[in-house]
Amino acid sequence: MKYGYARVSTATQNLEVQIQALQAEECEEIYSEKYTGTKTDRPQFQQLLKHLDKGEPLLSLNLIGLHVLLQGLLKPLRNCLTEV
């Protein structure tokens, strides 16, 4: 399955352009949310990760937002590695 993730930072911003682009890329499941860029515990992204299996593609047009999310996900891993 091909997953898509769309996010904007404020309630006044519009997700529709991102969602349409993900649909054009034939994403079968699209998760979206309006959530501040300073938080890494985004509910829809966490749901997406629960469904994403190894090898399944994830598309996101918001690369800066995805970078922040990845940093948040990698932090616990870095902490574990430094404790070893």
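Tyr-31 is buried in this predicted model, with a relative accessible area of 10%. Its ring partner is Tyr-3, and the two ring centres sit 6.4 Å apart.

**The Tyr-3 and Tyr-31 pair**

- The ring planes of Tyr-3 and Tyr-31 are at 35°, so this pair goes down as tilted. The label follows from the cut-offs: under 30 degrees would be stacked and over 60 would be edge-to-face.
- Tyr-3 belongs to strand β1 (residues 3–8) and Tyr-31 to strand β2, so the pair ties together parts that are 28 residues apart in sequence.
- Tyr-3 is buried as well, at 6% relative accessibility.

**The Tyr-5 and Phe-45 pair**

- Tyr-5 and Phe-45 have ring centres 5.0 Å apart, and with their planes at 65° the pair is edge-to-face.
- This pair links a strand to a helix: Tyr-5 lies in strand β1 and Phe-45 in helix α2 (residues 43–51), so parts 40 residues apart in sequence are tied together.
- Both partners are tucked away from the surface by the numbers: Tyr-5 is buried with a relative accessible area of 2%, and Phe-45 counts as buried at 1%.

**How the chain is laid out**

- You've got three helices and three strands to keep track of.
- Starting from the N terminus, the elements go β-α-β-α-β-α.
- The chain has 84 residues, and 25% of them count as buried.

- Leu-22 lies in helix α1 and counts as buried, at 0% relative accessibility.
- Computed along the sequence, Leu-22 and Gly-4 are 18 residues apart, yet their C-alpha atoms are 6.0 Å apart in space.
- Leu-48 is in helix α2, and with a relative accessible area of 0% Leu-48 is buried.
- Gly-4 turns up again here: Leu-48 and Gly-4 are 44 residues apart in sequence, with 8.8 Å between their C-alpha atoms.

**Two other contacts across the sequence**

- Arg-7 sits in strand β1, and this arginine is buried, with a relative accessible area of 5%.
- The C-alpha atoms of Arg-7 and Gln-44 are separated by 9.4 Å, while the two residues are 37 residues apart along the chain.
- Thr-10 is in the loop between β1 and α1 and is partly exposed, with a relative accessible area of 35%.

**The acidic patch and Glu-26**

- Glu-25, Glu-26, Glu-28 and Glu-29 form a negative surface patch.
- Glu-26 is in the loop between α1 (16–24) and β2 (29–34), and at 61% relative accessibility Glu-26 counts as exposed.
- Glu-28 is found in that loop between α1 and β2 too, and Glu-28 is exposed, with a relative accessible area of 54%. The cut-off for exposed is over 50%.
- Have a look at the backbone of Glu-26: its phi is near 65°, a positive value in a residue other than glycine. Most residues other than glycine have a negative phi.

Terms used. Residues are numbered from 1 along each chain as its sequence is written. This is a predicted model: local features need pLDDT of at least 70, side-chain atom pairs count only at pLDDT 80 or more; totals for chains, interfaces and linings use all residues. Side-chain values use heavy atoms; hydrogens and water are left out. Helices (H or I, at least four residues) and strands (E, at least two) are DSSP runs, numbered from the N terminus. Buried means under 20% relative accessible area, exposed over 50%, partly exposed in between (1.4 Å probe, protein chains only). Rings of Phe, Tyr and Trp (its six-membered ring) pair if their centres lie within 6.5 Å; planes under 30 degrees apart count as stacked, over 60 as edge-to-face and the rest as tilted. Patches are made of residues with over 30% relative accessible area and no salt bridge: like charges are joined within 9 Å, nonpolar side chains (Val, Leu, Ile, Met, Phe, Trp, Tyr) within 5 Å. Accessible areas come from the Shrake-Rupley method with a 1.4 Å probe; for residues, only the protein chains shown count as cover. A salt bridge is a side-chain nitrogen of Lys or Arg within 4 Å of a carboxyl oxygen of Asp or Glu. Lys and Arg count as positive and Asp and Glu as negative; His and the chain ends are not counted. The place of a charge is taken as NZ of Lys, CZ of Arg, CG of Asp or CD of Glu.
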